[in-house]
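Let's walk through this protein together, one piece at a time.

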Amino acid sequence: MAQGSVQVTHGGTSRWRRRTGEYASLSAALEAAGDGDVLTVAPGTYRENLVIERTVTLRGPERSGGGPVRIAPADGVALTLRSAALVQDLQVEGQDSAVPAVLVEDAAPELAGLRVMTRSAAGIEVRGGARPTVRRCTVDNPAGLGLSIMGGASGSYEECEVVAAGQSGVLVRDGARPRLAHCRVHLASGAGITLQGEGSTLEAVGCEVYEIKGSGVRVAGRASGHFTDCRVHRTSADGVTLDTDAVVTLADCDIHDIPENAVDLRSRSVLTLTRSTVRRFGRNGLSVWDPGTRVDANGCEIHESTGDYPAVWVSDGATAVLDTCRVHTVPDALFVLDRGSRADVLDSDLSQVRGTAVSVSDGAVVQLDDSRISKAGTGAWFRDHGSGGVLSGCTVDETATGVIVTKGADPTVERCTVSGAAEAGFYVSAEGRGTFHNCRVTGSRGYGFHVIDGCRTTLRRCRTERCARGGYEFAEEGPTVEDCTSDESAAPVAPLAAPAIGAASPSPAEGTPGLLTATATVPRQRTASPRPDTAAAGDQAPAAEEPEGEARAPKEVLGELDALVGLEGVKREVRALTDMIEVGRRRQAAGLKAASARRHLVFTGSPGTGKTTVARLYGEILRSLGVLRRGHLREVSRVDLVGEHIGSTAIRTQEAFEKAKGGVLFIDEAYALAPQDAGRDFGREAIDTLVKLMEDHRDDVVVIVAGYTAEMEHFLASNPGVASRFSRTISFGDYTPEELLLIVEQQADEHEYDLSEGARQSLLRYFARLPKGPSFGNGRTARQTFEAMVERHAGRVAQLPDPTTEDLTLLYPEDLPRSA
């Protein structure tokens, strides 16, 4: 039953023959209308199933002051189009979950300004060769598909939006070939856009897919897609998924804030990625699997991983090509695994990599040409038998180790330069092989080339310069060296805490002094220099640098501790420990026995609770009491202690310990040294080394380990000797809203700002509402809040023509962050 009327303007060959009729229902109006007629529908609800089979115009009123035109039958398809009709400015509501709300069949109609609010199988379904033009339409269908295009259909969809879908926002299947331009899909389930079936193709330009429960885009079953200037973000699964012979092109696209893989390819799929950005992903940026699967990335940037996985993962016989790409700020950059897998990297940058920039294992192959690796734990690691490839014309800067070859791997490295390595430039061990031709190592803090275990490595025309421990170190016979040179300066690039191991000086017989030239197999044996862990204390180690200035009095340092906001329990613990040390010192002076006070501590609590600050003050207190010589703080984490290969972890840990002598070694997030799934992790080697050093030098270094409470309990249980080395655990609780306000007030006073009374009250409410989960920053959050207030204050005051002193200093509630 209709609540309005339908006006039909009948067309004719001349103006005077046009006529108008009024009808009580849409069905009656459509029955009376002919091709070319215009049906203007009055506001109201029409409980009718409309079928349009003539070339008419069906539209809502020009002025919508009386409300929408609602097409809302009780069941069945609400609107069916089988002609080149124009339908605009209507609201279609379907209730039948077995059929679509709007159905377009075998025709080329135009739909404009439709709002489809339904709980149907699909909001709009296009099939049977239909070619509609759909503009500025909205689909809200929490029960089914948003747009369903199938069976050879095509059409153009412009500025449309799927605001909710219980299944895919857009489904293209069975050979359909639509084009989407400037459309948005969000709040869909399963996938934002799904392409399925041979011959199915989608062209998408300027589209956005976000807030999806599932993958953003899924292409499978020989379907193909061409996406230009599109964005995919905030999904619950992968950003883009390709499976079973899918072929996809992504050009100028942005894929970000993805909790899983940003792009995942499998089963012979092919992806061309051009000038696109992949960022903030939880697993892999590019995940490439299976024989015949291939990705070609040109001019792309992959960065800001939020997880602990390689940015690019290639395995099971897949292929990846990175041409003129940037990969940075990631745990690992490129991992290539399994026989038949291959990666080609041309003129690309891999930087700010916490672990390994390029890892090759299980028979995989890589080819790096004219690429740059910098600021990584390991530049390239060829891990095992059958793994190899070519590095040509590459530079490796500021890594722990430049190139590692182990367990039978056999790469070719030519015309490459390694500079500023913290350990070796090139390290070969465990039956690794490799050919190094025209390579150069400069400024290494370890050796230039370090080859052990009798590895059959070939070096031709290589050069080392300014390597702290020597240019070449060969533990035993094996390497072949031809026309290689070194300045053999062994001049340290940075102060080393322990004497060099096996540093050898060239003999005159080897050529010009300071120059090594060899043309045959030239083994270089280790000298008899003692290892740092077996040398007597002080035998060759440099004297610890004493701090400048007089030590502060204990009361002065304790006064600074008392001035810290909150932390009452922490202050009591530190004072109790200090009192015990002081009384013990006085008992010894009186000729009495003093209780043995273990000074090593465990700090537990959330970030930003002042653990580092208290550790620094604790060191000063111990210096003022004469317990420590220097009282300085040496702060380290896992990356400073754990090396990339066997033996390097002990060296790193010893060097960190040496630099802390006379003071406090503060290990932040110490639980990272004992991960739950450690496997072959070298963190346990660091723990074992620390336990021994803490016992050997218990009077010269205080060790404080810090981290989250539960994780630190696991850390203390990781080694039988760990818990016994620490005297007590001090817990740092989260700050209260009042304490966070006091920190902001201190920041304001320090920077010559004032808080209005309203700002104080607003800050208290703001801090009370903040979630106190594991990511809560405590004091850091308070400081960031103050910085945000200063920034918003500046934006406000900059608009004043002649601000007063009060304007320039007083912060108001409106200066709080927007989320407040």
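Helices α10 and α11 cross in a right-handed way. Bear in mind that you're looking at a predicted model. To find the pair, look for residues 737–750, which form α10, and residues 757–769, which form α11. Their axes come within 9 Å and cross at roughly 130°. Who does the touching? On the α10 side you'll find Pro 737, Glu 738, Leu 740, Leu 741, Val 744 and Glu 745, and they meet Arg 760, Leu 763, Leu 764, Phe 767 and Ala 768 of α11.

Now try another pair: α2 (residues 554–562) and α3 (residues 568–589). Here the axes come within 10 Å, with a crossing angle of roughly 165°. This angle is over 145 degrees, so α2 and α3 are roughly antiparallel. The crossing of α2 and α3 is right-handed. From α2, Leu 558, Leu 561 and Asp 562 do the meeting, and their partners in α3 are Lys 571, Val 574 and Arg 575.

Time to zoom out. The chain has 13 helices, along with 64 strands. Of its 820 residues, 52% are buried. And if you take the contacts with a separation of 6 or more, 53% of them link residues 24 or more positions apart.

What sits inside? The largest nonpolar core has 133 residues, and Phe 227, Val 358 and Phe 436 have the most contacts within it. Strand β42, which covers residues 349–361, gives the most to this core, with five residues. Let's stop at Val 358 for a moment. Setting aside neighbours within four places in sequence, Val 358 touches Leu 334, Leu 350, Val 366, Leu 368, Ile 373, Gly 379, Ala 380 and Trp 381. Apart from this core lies another one, with 46 residues, including Val 557, Ile 581, Ala 615 and Val 627.

Next up, the cysteines. How many disulfides are there? The count is zero. A disulfide is a covalent bond between the sulfur atoms of two cysteines, and to be counted here the two sulfurs must lie within 2.5 Å. Take Cys 137: the closest cysteine sulfur belongs to Cys 160, and it is 4.9 Å away, so the two are too far apart for a bond. Cys 137 is also buried, at 2% relative accessibility. Cys 484 is in no disulfide either, with the nearest cysteine sulfur, that of Cys 462, 4.5 Å away. At 1% relative accessibility, Cys 484 is buried too.

Most residues other than glycine have a negative phi. Glu 304 isn't a glycine, yet it has a positive phi of about 60°. You'll find Glu 304 in the loop between β36 (301–303) and β37 (310–315). Its relative accessible area is 32%, which makes Glu 304 partly exposed. Glu 398 also has a positive phi, near 55°. Where does Glu 398 sit? Its place is in strand β46, which runs over residues 395–406. With 48% relative accessibility, Glu 398 counts as partly exposed.

Methods
Residues numbered from 1 in each chain as written. Predicted model: local features only at pLDDT ≥ 70, side-chain atom pairs only at ≥ 80, totals over all residues. Heavy atoms only, no water. Core = buried A, V, L, I, M, F, W, Y, C linked by side-chain atoms within 4.5 Å. Buried < 20%, exposed > 50% of the residue type's maximum accessible area, 1.4 Å probe, protein only. Helix = DSSP H or I, 4+ residues; strand = E, 2+ residues; numbered from the N terminus. Contact = heavy atoms within 4.5 Å. Axes fitted to C-alpha atoms, helices over the stretch in contact; angles between N-to-C directions. Parallel < 35°, antiparallel > 145°, perpendicular 65-115°, else oblique. Left-handed = near helix turned anticlockwise from the far one by under 90°.
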